[in-house]
Amino acid sequence: MTPPAENVHWLFATLLLGFGLCLLARAIVGETLWNGSTWRRYLLPTVLFGIGAAMWPVTVFFVVSPIHMLAHTSWAQLMMLAGIAQLGLVVGRLTSRWWNLLVPLALSVSGAMFVIHERNPWLFMRSSFLHHLIGWTLIIGSLLPLALVFRPRSTVLSAGFAGLAIAVSVMLYADRDLAPIFGHLSPLAGTKPAVTEVQP
Amino acid sequence: MEIEVAGPLERASHTAWRVVALSAIGPLTVLAGVVWTVAQPYRLTLLDPRAHGAWDHIAQPPLLVAAIGLLFHLLVARPLRQTLERSP
């Protein structure tokens, strides 16, 4: 039983929200204190890897078009790769800080894929608008983890990265399969409005 | 003399600020979920179970937000706060 796309977006939003809150906590207490506990040290890389792994069922069950499959596969692979690299750095098997570059790479490619695999214009319907918005937010926001590679102890950059994850999760929660955006809903999008739109 | 006193005081104030910020994240997230439920009660499918499918019951955004806030507070923020308070 394949879930509706909006439910999948909301479940990913939940994962991202948890990831963002943990990033925020790490930004507040600092990396040294955060890494003081073994399970906490592994938490963020594991969640990152988990988000990538969770993309595979999406790849399999939502084969709308080849570009959708390509987008979801690239996401899955890069998020898993970034998670594994972070895990390697935490364990000490990887020592070069340049492995951290995989995080901004994963985010920027994810953003590009959001934009590329959305074939409709911004105001076609709400999900189209949000796909474009999330895509560009991720592309521009990937500068934050990129800057963190060079200034890993910056509280502002760390908090900004957490804010990025939380902002994207809010956008994903706002996603509906069929709903207008700023009063616009293309007649080509369908006729059955989402539950939110029939409410007073 | 003033400088010697200001150092530990400033550090204590900084730690207190971090404890407050850390302790507030979880409850604020739960509050966001509760406010969302009040603002958009139709997103809570529990209120009208027969009109929705299984996936709608699994993924109820306001409940998920509140649950994440609660889990974060209990599993991450609380132990981290204790560590922070014990740290020199």
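Select chain A and look at its contacts, where two residues are in contact if their C-beta atoms, placed from the backbone, lie within 7 Å: among those with a separation of 6 or more, 67% are accounted for by residues 24 or more positions apart. What you have open is a predicted model, in which local features need pLDDT of at least 70 and side-chain atom pairs count only at pLDDT 80 or more, while totals for chains, interfaces and linings use all residues. Residues are numbered from 1 along each chain as its sequence is written, and chains are lettered from A and ligands numbered from 1 in the order in which they are written.

Stay with chain A and switch to a cartoon view, which shows 9 helices and 0 strands; here helices (H or I, at least four residues) and strands (E, at least two) are DSSP runs, numbered from the N terminus.

Next, select chain B, in which you can follow 3 helices and 0 strands, running α-α-α from the N terminus on. Chain B has a radius of gyration of 20 Å, well over the 12 Å that the globule rule gives for 88 residues, so chain B is more spread out than a compact globule. Its C-alpha trace spans about 70 × 25 × 10 Å along the principal axes, and 25% of the 88 residues of chain B count as buried.

Finally, show both chains together and find where they touch: the contact takes 20 residues from chain A and 21 residues from chain B. On the chain B side, α1 (2-39), α2 (54-58) and α3 (61-86) each supply at least two of the residues that touch chain A, and the largest share, 10 residues, comes from α3(B). Colour this side of chain B by residue type, and it divides into 15 nonpolar, 4 polar and 2 charged residues, where Ala, Val, Leu, Ile, Met, Phe, Trp, Tyr, Cys and Pro count as nonpolar, Asp, Glu, Lys and Arg as charged, and the others, Gly among them, as polar.

Technical notes:
Rg over C-alpha atoms; globule rule 2.2 N^0.38 Å. Buried ≥ 20, exposed ≤ 12 C-beta atoms within 10 Å, placed from the backbone.
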